[in-house]
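Have the viewer open as you read.

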Amino acid sequence: MDQLEIFKALSNKTRLDILNWLKEPETSFPGQEAFGFKHGVCVGQIQQKAGLTQSTVSEYLSILQRAGLVKSTRVGQWTYYQRNEEAFKALSELVQSKI
């Protein structure tokens, strides 16, 4: 776990929002319910909720992925994202050990 990359990724409010939305995708992205959440949330849904350009959202998701906080799955032409809960568990343990 690259601690510096993680804390850089967490230093942006929109990236924090994305992580919070992905924590409960069924609640945060009701428009995707018809397709399910097996692979995560479609990047288009995240972009729509964030109200930002596709390139900005893609950059934010890349930063989160490089930090290990999200995982992506490609299905056809669509990319889906979900939180990497193992990374959050490790981050929680790291923070608790430093207090």
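Two strands count as paired here if DSSP finds at least two bridges between them. Keep that in mind as you look at this predicted model, where 3 strands form an open sheet in the order β1-β3-β2, with antiparallel pairing. The edges belong to β1 (41-42) and β2 (70-75); each has a single partner strand, so one side of each is left without a neighbour in the sheet. In general, strands of a sheet pair through backbone hydrogen bonds, either parallel or antiparallel.

Next, bring in the helices. Helix α2 lies across β1, β2 and β3, and runs at about 85° to β3. Helix α2 also has a helical neighbour to look at. The axes of α2 (residues 13-23) and α4 (residues 43-50) come within 11 Å and cross at roughly 125°. Angles of 65 to 115 degrees count as roughly perpendicular and those over 145 as roughly antiparallel, and α2 and α4 are therefore oblique to each other. Their crossing is right-handed.

Which residues make this helix contact? From α2 come Thr14, Ile18, Trp21 and Leu22, and they meet Ile46, Lys49 and Ala50 in α4. By type, the residues of this contact divide into 5 nonpolar, 1 polar and 1 charged.

Technical notes. Residues numbered from 1 in each chain as written. Predicted model: local features only at pLDDT ≥ 70, side-chain atom pairs only at ≥ 80, totals over all residues. Heavy atoms only, no water. Axes fitted to C-alpha atoms, helices over the stretch in contact; angles between N-to-C directions. Helix = DSSP H or I, 4+ residues; strand = E, 2+ residues; numbered from the N terminus. Parallel < 35°, antiparallel > 145°, perpendicular 65-115°, else oblique. Left-handed = near helix turned anticlockwise from the far one by under 90°. Contact = heavy atoms within 4.5 Å. Nonpolar A, V, L, I, M, F, W, Y, C, P; charged D, E, K, R; others polar.
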